[in-house]
Amino acid sequence: MKKLVLALALISGVFSVNAQEEEEEQKQGWTKEGNISLLFNQSAFNEEWTGGGTSNIAGNLLFNYDFNYLKDDFTWDNKFLLDYGMTKQRSDEFARKTSDRLEFNSIAGKQVQDSNWFYSLFLNFRTQITKGYKFGEDAETGQTTRTEYTNFLSPAYLQFGPGMMWKKSENFYVNIAPATGRMVFVDKEFTSGPGYVDGDYFGVDANKAMRFELGASVSGYAKFDILENVKMENLINLYSNYLEDPQNVDIDYTMNVKMKINDYLSTNLIFQAIYDDNAVKGFQIREVFGLGINYGF
């Protein structure tokens, strides 16, 4: 775990170098920018195809909207992110989610004299949109089974707290919040069943719908050009719970590389890695790559 955190810190350092290559003149007042992308992946095989394979189709919807405010030594950055994807194989009875993320980030800062440091206050909220299932196989029929495991606002995470932010521009900043409150919300139905053990469902105790934590948070954002028409956006959030197993640092890292073809077409590579031992005892990794239809506003 320590090696991984160190590696992520080194990556952030690389982002810092790239983000500082160009000075940006900050615009006073509100600045707004949004983008909608629809990614497609598809494979098809007829019955005579001897090489093996299963026909499938997949789609991923990305909605990203930034609305930021700057007035003299006060800054307020907001980001709304929606990421939803589905895939369906011809041989599978059920369609399956490949991604489901609804997230809002907000951070306000008051500049410390004429420096890149700000007194800050941040808020992060994230959940999912639709039901999530655990899939299995019926021992007698061999058919695929599914059991509901998650739902909208179950789980949902809310983090907030004061801290210090180092900010070069709207496209690069790091926030350190040593007194972060964190609430995990779930549907009580998932913690009220017979034989439920405290903490089994995202760390929430039996017959409860919320878990409170107090810890330290480090979050960062970096967006820059790798090459002409190739942009990389990175979001990272590290969290340590003082009240329980502080050595187990929760990690949520997302990278989105957008390679522009023209004003309406691009290829996108999305990579996300999550570590949260209250959810899964191991890393959750996903990767999406496909042709995107884009609309910017």
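**Close-up views of a predicted model**

Welcome: the structure holds 18 salt bridges, where a salt bridge is a side-chain nitrogen of Lys or Arg within 4 Å of a carboxyl oxygen of Asp or Glu. This is a predicted model, in which local features need pLDDT of at least 70 and side-chain atom pairs count only at pLDDT 80 or more, while totals for chains, interfaces and linings use all residues. Residues are numbered from 1 along each chain as its sequence is written, and side-chain values use heavy atoms, with hydrogens and water left out.

**View 1. Lysine 79 meets aspartate 66 in a salt bridge.** Their side chains come to 2.8 Å, N to O. Lysine 79 sits in strand 3 (residues 74-89) and aspartate 66 in strand 2 (residues 56-71), 13 residues apart. Strands here are DSSP runs (E, at least two residues), numbered from the N terminus.

**View 2. Lysine 167 forms a salt bridge with aspartate 77.** The closest N and O atoms are 2.7 Å apart. This pair links distant parts of the chain, with lysine 167 in strand 8 (residues 156-169) and aspartate 77 in strand 3, 90 residues apart. Lysine 167 and aspartate 77 are both buried.

View 3. Arginine 126 lies in strand 5 (residues 117-127) and aspartate 252 in strand 12, so the pair ties together parts 126 residues apart in sequence. Arginine 126 counts as buried at 19% relative accessibility, and aspartate 252 is buried at 8%.

**View 4. Strand 5 pairs with strand 4 and with strand 8.** Two strands pair if DSSP finds at least two bridges between them. Strand 4 (residues 96-111) and strand 5 run antiparallel over 10 bridges, and serine 106 has leucine 123 in strand 5 as its bridge partner. These two strands form a hairpin with five residues between them, and glutamine 113 in the turn has a positive phi of about 50°. Strand 5 and strand 8 also pair in the antiparallel sense over 10 bridges; here phenylalanine 118 is partnered by methionine 165 in strand 8.

**View 5. The largest nonpolar core has 13 residues.** Met232, Leu238, Ile251, Met255 and Val257 touch the most other members. Strand 10 (210-227), strand 11 (230-241) and strand 12 (250-260) each supply at least two residues of this core. A nonpolar core is a set of buried Ala, Val, Leu, Ile, Met, Phe, Trp, Tyr and Cys residues joined through side-chain atoms within 4.5 Å.

Note on methods:
Buried means under 20% relative accessible area, exposed over 50%, partly exposed in between (1.4 Å probe, protein chains only). Helices (H or I, at least four residues) and strands (E, at least two) are DSSP runs, numbered from the N terminus.
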